[in-house]
Amino acid sequence: MKRRTVLVAMAAAPLGAMLPLSAFAQKPIVLGFAQVGAESEWRTANTESIKSSAKEAGIDLKFSDAQQKQENQIKAIRSYIAQKVDVIAFSPVVETGWETVLVEAKNAKIPVVLTDRAISSKDDSLYVTFIGSDFTEEGRKAGRWLVEKEKGNPGPINIVELQGTVGSAPAIDRKKGFEEIIKSDPKFKIIRSQTGDFTRAKGKEVMEAFLKAEGKKINVLYAHNDDMAIGAIQAIEEAGMKPGKDIIIISVDGVKGAFEAMMAGKLNVSVECSPLLGPQLMSVVKDIKAGKSVPKRIVTQESIFPMEVAAKEFPNRKY
Ligand code: GZL
């Protein structure tokens with residue numbers, strides 16, 4: 001009799017009392033992240049933010065670097081689907097060509113989060129949310145700064161433009177926003193515009209070509225990111241001209257290298273584009289796993305830093 005009572009007693013005990021606690025510890029969320037590459041200071045800071053935030057959040061991060069190639073990002077997303085991760089996040093290197101692989105993720109019931117860059121797709125059910133900057137507004141801020149800076153100058157004001165990666169959301173939208181503002185005054189003319197693919201090396205190479213073709217006719221350089229502006233600064237100096245004085249330079253990102261160039265008087269203004277998206281991404285990933293609703297668009301708040309404030313602001317910079 002005694003034995004049976006024990007058995008009953010054991011069967012009635014809560015199951016938890018029977019197994020080690022570790023058996024009930026929450027399994028970590030597994031996040032697959034397909035990064036663009038490592039093309040700029042901005043991207044390096046963005047990767048650091050994602051990796052450190054995942055660690056802090058106790059999220060198991062699988063990370064890949066696509067070396068700025070769309071086919072590598074698609075391969076990485078497919079591998080995350082095969083591994084049955086809980087959530088996939090990525091920064092689309094270009095706006096188009098994602099439907100097929102995102103339909104595969106949808107069919108596998110794996111939610112997708114866009115960070116940093118957007119896609120242009122008619123079907124916005126292919127992703128849960130897009131966390132990133134308003135690139136068009138960044139272009140407008142650059143344009144407004146120039147209009148204000150040159151308001152007393154009758155012109156013509158000849159502008160050369162270093163565009164970001166062809167087909168990428170930041171390149172398309174920063175161009176659109178800038179032109180929306182400067183078209184208000186015909187004294188502003190974009191006389192050359194070409195991609196520098198967001199890198200210092202390409203930015204320098206293309207600026208050398210601009211200088212060879214247009215030389216002292218160039219009054220302003222508008223670079224879609226600081227890395228290309230820093231490359232162009234080298235080209236301008238090697239051509240015997242003074243960056244920031246002979247050629248006014250406007251760029252975007254607000255990385256440390258840009259602040260150093262502004263403090264040296266070689267860059268006139270940098271429009272902030274924050275790469276520190278990691279914390280927001282991890283909190284969204286947790287909300288998605290908890291079944292909470294998430295806004296379709298989360299815009300990062302940003303500023304603009306002219307060279308006059310660079311020295312004061314520099315100690316506060318986190319990237
Ligand atoms: C912008 C980001 C861009 C940065 C570049 O959110 O996608 O890509 O402006 C980076 O520096 O290479």
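Does Asp227 count as buried or exposed?

Reply: Asp227 counts as buried, because its relative accessibility is 4% (buried means under 20% relative accessible area, exposed over 50%, and partly exposed in between, with a 1.4 Å probe and protein chains only). Residues are numbered from 1 along each chain as its sequence is written, and side-chain values use heavy atoms, with hydrogens and water left out.

Asp227 belongs to helix α8, residues 226-238. Helices (H or I, at least four residues) and strands (E, at least two) are DSSP runs, numbered from the N terminus. Leaving aside residues up to four places away in sequence, Asp227 touches Glu39, Ser40, Glu41 and Trp42, together with Phe198, Thr199 and Arg200; contact means heavy atoms within 4.5 Å. A polar atom of the Asp227 side chain lies 3.3 Å from the backbone nitrogen of Glu41. A polar contact is a pair of N or O atoms within 3.5 Å; within protein, one must be able to donate a hydrogen and the other to accept it, and residues adjacent in sequence count only if both atoms are side-chain atoms.

Helix α7, residues 200-214, contains Lys202. The C-alpha atom of Lys202 is separated by 7.0 Å from that of Met228, 26 residues apart along the chain. Lys202 is partly exposed, with a relative accessible area of 31%, and touches Thr195 and Gly196, again not counting residues up to four places away in sequence.

Asp116 lies in the loop between β4 (112-115) and β5 and counts as buried because its relative accessibility is 4%. Asp253 is found in strand β9, residues 248-253, and is also buried, at 3%. A further backbone feature is the cis peptide bond from Gly155 to Pro156, with omega near 0°; Pro156 has its place in the loop between α5 (135-149) and β6 (157-163).

Two strands pair if DSSP finds at least two bridges between them; β5 (residues 129-132) and β11 are joined over three bridges, with Ile131 opposite Ile298.

The UniProt annotation "domain: Periplasmic binding protein", from an unreviewed entry, covers residues 36-292. UniProt positions are given in the numbering used here, feature names are shortened, and annotations may be inferred rather than shown by experiment. That span is 45% helix and 18% strand, and its end C-alpha atoms lie 28 Å apart.

As to confidence, the protein chain has a mean pLDDT of 94, and 93% of its residues reach 70 or more. Over residues 1-13, however, the pLDDT is below 50, and this stretch has two contacts in the model beyond near neighbours in sequence. Where pLDDT is low, the predicted coordinates should not be read in detail.

Methods. This is a predicted model: local features need pLDDT of at least 70, side-chain atom pairs count only at pLDDT 80 or more; totals for chains, interfaces and linings use all residues. pLDDT is the predictor's confidence in each residue, from 0 to 100.
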